[in-house]
Amino acid sequence: MQISLRPTWTEIKLSALKKNLLKIQKTIGHGVKLMFVVKAGAYGHGAAAAAGFAEREKLAWGFGVSSVEEGLALRAAQVRSPILVLGSLYPFESFVEAINNGLLATISSLDAAAQVIEASRKLGKKAVCHIKLETGMGRIGARKPAVIKIFSELSASKSAVIGGLYTHLSSADTDPEFTARQLGYFEETVSELAGYGVDNIIKHAANSAGLLNYPQSRRDMVRAGLAAYGLMEGFEPVLSWKTRIVFIKTVREGTYISYNKSFRAPRPMKIATIPVGYGDGYIRRFSGARVLAGGVRCPIAGNVTMDMTMVDVTDARDAAVGSEVTLIGRQGNEEITAGELAAAAGTIPYEVVTLITSRVPRIYV
Ligand SMILES: Cc1ncc(COP(=O)(O)O)c(C=O)c1O
């Protein structure tokens with residue numbers, strides 16, 4: 001395996017990604033499409049590599065990205081499957097790039113509908129649109145009356161066509177009652193669109209928690225990120241994050257470690273320095289977390305700094321310069337998950353993996 005000279009890297013286990021996507025496919029069954037959400041660099045896993053692999057292995061119908069730029073990057077990486085831009089397309093000139101590159105455009109307002117009709121007419125090319133219904137996420141999307149108007153206007157256009165209708169669940173992991181309300185409003189809108197050939201378009205609502213907790217939300221397609229990356233229970237984590245000890249010392253009781261004397265050795269200790277810090281996305285909020293060295297859970301000592309972090313490796317008897325340290329992943333019987341790190345920092349696993357910066361090489365294994 002090739003790694004950069006600085007020994008800090010992530011390993012992306014493609015076999016785990018495959019296993020998770022196959023598990024999702026099995027859960028949703030034949031006849032329901034799987035959109036693999038690869039926005040924000042595939043949640044830090046590397047979008048081109050993750051989408052390219054899923055396409056080659058026929059593990060997904062298509063991909064979800066957040067912006068036209070993310071879609072173009074996938075096209076540049078030879079990804080040919082359908083790509084839906086999940087964000088609201090703005091500025092409206094971006095419809096031109098989306099149409100020219102065959103990206104599916106989210107239409108979340110009457111203004112956007114008018115603009116996509118105009119752009120596709122001028123280009124003389126088909127624009128396939130997925131209309132976004134606002135059901136309770138409060139982010140982007142139109143309510144039912146505007147969606148009906150959008151359907152009416154797009155149906156009258158020859159170049160802009162409706163490929164789908166969708167919504168996004170805000171609380172499928174926490175609030176069944178609210179989720180039922182969101183899904184109810186979605187179904188109500190679908191019924192009212194009966195005159196517009198709504199049976200023939202892709203209707204979708206479910207994210208990972210939705211597809212697992214609410215079978216009725218699976219509809220014609222699910223859009224999964226978290227489960228595919230193994231960041232939910234029942235799925236195998238795809239990403240591990242590793243580094244090596246670059247410096248080690250034994251300190252006396254009372255020795256201060258890191259900025260602002262943020263740690264004071266309560267007894268003689270073995271302190272290791274690892275070359276990872278908040279410049280890599282190992283944020284200061286992780287200062288209370290643990291890493292694995294020699295198969296032992298070792299606490300961070302003092303504040304995480306920009307490029308280096310100190311660890312109390314007193315209990316990791318064999319720890320030495322060059323020893324591998326796991327920030328996320330397994331060593332022997334021990335495991336540190338992105339979820340554990342997220343809890344230490346008061347955040348969510350999405351943020352932990354998405355924060356890993358580009359200076360950390362992604363190694364695909
Ligand atoms: C519109 C949309 N659909 C689907 C997803 C995938 O969600 P999850 O990663 O929870 O499966 C996201 C991610 O936040 C999203 O923004």
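Two strands are said to pair if DSSP finds at least two bridges between them. In this predicted model, strand E14 (residues 269-274) and strand E17 meet that description, for they pair in the antiparallel sense over four bridges.

Attention may now turn to the helices. Two packed helices are described by the angle between their axes and the distance between the axes. Helix H3 (residues 47-56) packs with helix H4 (residues 68-76) at an angle of about 60°, and their axes are 10 Å apart. That angle makes H3 oblique to H4. The crossing of H3 past H4 is right-handed. On the side of H3, the contact is made by Ala-47, Ala-48 and Ala-51, while H4 contributes Glu-70, Ala-73 and Leu-74. Five residues of this contact are nonpolar, none is polar and one is charged.

Finally, the protein may be viewed as a whole. Its domain assignment gives domain 1 (31-224) and domain 2 (239-364). The centres of domain 1 and domain 2, taken over C-alpha atoms, are separated by 39 Å. The contact between them takes six residues from domain 1 and seven residues from domain 2. On the side of domain 1 that touches domain 2, three residues are nonpolar, three are polar and none is charged.

Note on methods: Residues numbered from 1 in each chain as written. Predicted model: local features only at pLDDT ≥ 70, side-chain atom pairs only at ≥ 80, totals over all residues. Axes fitted to C-alpha atoms, helices over the stretch in contact; angles between N-to-C directions. Helix = DSSP H or I, 4+ residues; strand = E, 2+ residues; numbered from the N terminus. Parallel < 35°, antiparallel > 145°, perpendicular 65-115°, else oblique. Left-handed = near helix turned anticlockwise from the far one by under 90°. Contact = placed C-beta atoms within 7 Å. Nonpolar A, V, L, I, M, F, W, Y, C, P; charged D, E, K, R; others polar. Domains from an automatic or database assignment.
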